[in-house]
Amino acid sequence: TANKRLLVLPGDGIGPEVMREVRRVIEWMDRRRHVSFALEEGLVGGAALEAEGSPCPDGTVERALAADAVLFGSVGGPKWDTLPFDKRPELGILRLRKELGLFANLRPALVLDPLVDASSLKPDVVRGLDLMIVRESTGGIYFGEPRGVETLSNGKRRGVDTEVYTEDEIARVARVAFELAKGRTGKMTSVDKANVMQSGRLWRAVVSEIGKAEYPEVELSHMYADNCAMQLCARPKQFDTILASNIFGDLLSDLAAAATGSLGMLPSATLGAPDASGRRRALYEPIHGSAPDIAGKGIANPCAQLLSFAMLLRWSFGMEEDARLVETAIEKVLAGGLRTADIMGPGTARVGTSVMGDAVLRELDKLGA
Ligand code: NAD
Ligand code: IPM
Ligand code: K
Ligand code: MN
């Protein structure tokens with residue numbers, strides 16, 4: 001029965017291109033696994049701006065609130081880059097995170113064996129890498145007040161953003177990271193700039209307190225964000241779970257993507273607090289953006305979007321077996337040597353988005369019926 005309400009928001013640029021491949025996997029599941037979703041598609045980002053005059057129409061927020069899970073593509077593009085902030089497509093994702101209370105952005109970075117050669121780092125440095133970056137996603141400098149550009153009395157302009165965290169905001173995302181770390185290797189690194197930032201000092205103090213009081217079994221360490229960026233390039237395998245603020249987590253997860261081969265490989269889940277029955281609001285999206293440089297060419301890597309759907313199956317619907325099917329199908333396709341342009345390696349064959357999707361469906365046919 002179609003009791004799983006899913007809102008699909010493809011967005012802009014390569015968003016709709018890679019989402020098309022997910023739609024095919026959903027149709028496959030319907031046919032072959034007898035799983036059906038009550039699926040709705042909505043507008044967000046530049047697409048919503050053009051059609052309805054807002055990058056995140058109220059209707060889209062309402063439908064997201066009513067859904068069991070949201071599958072998001074990507075928003076933004078050069079066409080809208082000079083618009084004021086309240087019109088920019090990026091507001092689409094920011095408003096959804098905020099209004100749905102999605103404060104914990106989980107960004108796993110996994111180096112799949114067949115992609116060891118696609119990484120810009122040496123094979124030995126990345127082989128077997130398995131990171132979980134937990135990025136705070138409704139606070140910090142993304143939302144802090146005051147913010148804006150003002151003109152001073154001397155006629156010069158001043159731009160302001162404010163990094164601000166309350167201890168509750170730090171504590172709730174820290175708990176998500178501690179729980180994840182506990183189920184992984186038990187090692188967690190919290191990232192901050194406690195040496196120069198007041199909010200960073202509080203960040204470190206609160207994370208330490210929670211670690212001591214509630215998660216003594218997790219081996220917690222702290223690292224300055226600049227050092228962490230360097231260490232992620234030099235020796236990424238020293239990390240397991242990384243906890244970071246909104247802005248640091250954004251930067252470090254793009255960096256981790258390079259280690260795994262491409263931004264086109266990394267999915268994410270953004271979760272809210274569990275309700276009384278333990279259910280969380282959630283949105284799933286690749287960590288990459290709308291990739292205007294390759295949009296419309298049919299060459300985008302659909303893996304990050306497909307893997308985001310796998311995360312959705314696992315986290316929102318407890319469908320571990322189906323999530324694994326999708327992940328395994330992707331691994332098999334990559335092991336077979338088919339690659340989109342962003343993850344080419346020695347002896348691989350270059351294909352476009354839809355041929356990659358065809359190959360995933362073929363593997364699914366072999367794996368699960
Ligand atoms: P981007 O992630 O869109 O692209 C960065 C680089 O990675 C580009 O060279 C792009 O071609 C490549 N890339 C990204 N995804 C790929 C894929 N699936 N397959 C192959 N190559 C891929 O970042 P950007 O260029 O800095 O930003 C473009 C637009 O996207 C901006 O408007 C930005 O604000 C927006 N953005 C949106 C989101 C989101 O929707 N959550 C995330 C990041 C950026
Ligand atoms: C991401 C993006 C967004 C962010 C932008 C588009 C608002 O870079 O999802 O990583 O900075 O959070
Ligand atoms: K995205
Ligand atoms: Mn980003």
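Me: Why is Asp250 called buried?

Reply: A residue is buried if 20 or more other C-beta atoms lie within 10 Å of its own, exposed if 12 or fewer, and partly exposed in between, with C-beta atoms placed from the backbone. Asp250 has 21 other C-beta atoms within 10 Å, so Asp250 is buried. This is a predicted model, where local features need pLDDT of at least 70, side-chain atom pairs count only at pLDDT 80 or more, and totals for chains, interfaces and linings use all residues. Residues are numbered from 1 along each chain as its sequence is written, while chains are lettered from A and ligands numbered from 1 in the order in which they are written.

Me: Why is Asp226 called partly exposed?

Reply: Asp226 has 13 other C-beta atoms within 10 Å, so Asp226 counts as partly exposed. Asp226 is found in helix α8 (residues 225–234), and Asp250 lies in helix α9 (residues 246–260). Helices here are DSSP runs of H or I with at least four residues, strands are runs of E with at least two, and both are numbered from the N terminus.

Me: What makes Asp226, Asp250 and Asp254 a group?

Reply: An unreviewed UniProt entry lists these three under "binding site". They are spread over 29 residues of sequence but cluster in space, the largest C-alpha distance being 14.2 Å. UniProt positions are given in the numbering used here, and annotations may be inferred rather than shown by experiment.

Me: How do you know that strand β12 is largely enclosed by the rest of the structure?

Reply: Six of the seven residues of β12 (residues 280–286) are buried, so the strand is largely enclosed.

Me: What makes Glu90 one of the residues around ligand 2?

Reply: A residue is near a molecule if its C-beta atom, placed from the backbone, lies within 6 Å of it. Glu90 is in the set around ligand 2, along with others including Asp250 and Gly289.
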